[in-house]
Amino acid sequence: MAYRSTEIANEFLKPERGNGQLTQMQLQKLAFIANGWNSVINGEPLIGEEAQAWDYGPVYPELYDHSKYFGKSVIGRLINPADSEIAAFFSGRRPTEPDYGAQLNAREKAVIDHVWSRYGRLSGPALSRLTHEPGTPWFETYRDGRSRPIAQHLIDSHYAELARRAQAAAA
């Protein structure tokens, strides 16, 4: 099942993982990486939105709209619908709607856990450098211009290649 980027970001902000100590850059990259690994491992994208190639790496515009007011600061709580409204954000008003949440199945949770254990301790700039490496979906898309959609087939191919390399290294 494909989820919203804000729902997957909140998976990384939960107390057992990020505990509200992640920046928007980290959330963007972790969500993107989780989407790629889920597509290879479980056969479908984790996020139903299109990622775009921005200056500092892949970005989900909806997640950006809900996290941009945090700037470079850590996000100390789960993301909710009011975070996309500047007045609500700065007033501290909490919405009557619940925080964004995904109903992940066991296989999707396993992907989130894997991504967290492998990439969760990396800084935003380190994750950005990782997504900028030659051959990555961002690299293949950005060279043609900013804010272009990153094709899912590029994401699938990249993470399938990473999986092949990991299997070869383990053999």
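**Close-up views of helix H2 and its surroundings**

**View A. Helix H2 meets helix H6**. On the H2 side, the residues that touch H6 are Met-25, Gln-26, Lys-29, Leu-30 and Ile-33; on the H6 side, their partners are Gly-124, Pro-125, Leu-127, Ser-128, Leu-130 and Thr-131. Contact here is counted for heavy atoms within 4.5 Å. By class, this contact has six nonpolar, four polar and one charged residues (nonpolar: Ala, Val, Leu, Ile, Met, Phe, Trp, Tyr, Cys and Pro; charged: Asp, Glu, Lys and Arg; polar: the others, Gly among them). The model is predicted, so to speak of local features takes a pLDDT of at least 70 and side-chain atom pairs count only at pLDDT 80 or more, while totals for chains, interfaces and linings use all residues. Residues are numbered from 1 along each chain as its sequence is written, and side-chain values use heavy atoms, with hydrogens and water left out.

**View B. The axes of H2 and H6 cross**. H2 spans residues 24–42 and H6 spans residues 124–132; helices are DSSP runs (H or I, at least four residues), numbered from the N terminus. Their axes come within 8 Å and cross at roughly 40° (axes are lines fitted to C-alpha atoms over the stretch in contact, with angles from 0 to 180 degrees between N-to-C directions). H2 and H6 are therefore oblique to each other (under 35 degrees is roughly parallel, over 145 roughly antiparallel, 65 to 115 roughly perpendicular, and the rest oblique). Their crossing is left-handed, meaning that the near helix is turned anticlockwise from the far one by less than a right angle, while clockwise gives right-handed.

**View C. H2 also packs with helix H5**. H5 covers residues 106–119. The axes of H2 and H5 are 9 Å apart, at an angle of about 130°, and the two helices are therefore oblique to each other. Here H2 passes H5 in a right-handed crossing. Look in H2 for Leu-30, Ile-33, Ala-34, Trp-37, Asn-38, Ile-41 and Asn-42; in H5 they meet Arg-107, Glu-108, Val-111, Ile-112, His-114, Val-115, Trp-116 and Tyr-119. By class, this contact holds ten nonpolar, three polar and two charged residues.

**View D. Helix H1 crosses H2**. The axes of H1 (residues 5–13) and H2 come within 9 Å, crossing at roughly 105°. That makes H1 roughly perpendicular to H2. Ile-8, Ala-9, Phe-12 and Leu-13 of H1 make the contact with Leu-27, Leu-30, Ala-31 and Ala-34 of H2. The contact has eight nonpolar residues, no polar and no charged.

**View E. The largest pocket has a volume of about 360 Å³**. A pocket is an open set of points on a 1 Å grid over the protein atoms alone, where a 1.4 Å probe fits, with protein on both sides within 12 Å along at least five of seven lines; lining residues have an atom within 4 Å of a point. Volume is the space filled by probe spheres set on the points, joined across faces, edges and corners. Of the 15 lining residues, Gln-24, Met-25, Lys-29, Tyr-56 and Tyr-64 are the closest to the centre. H2 supplies the largest share of the lining, four residues.

**View F. The second largest pocket holds about 290 Å³ of space**. Closest to its centre, of 18 lining residues, are Tyr-119, Leu-130, Glu-133, His-158 and Leu-162. H2, H5, H6 and helix H8 (152–170) each give two or more residues to the lining. H8 gives the most, with six residues.
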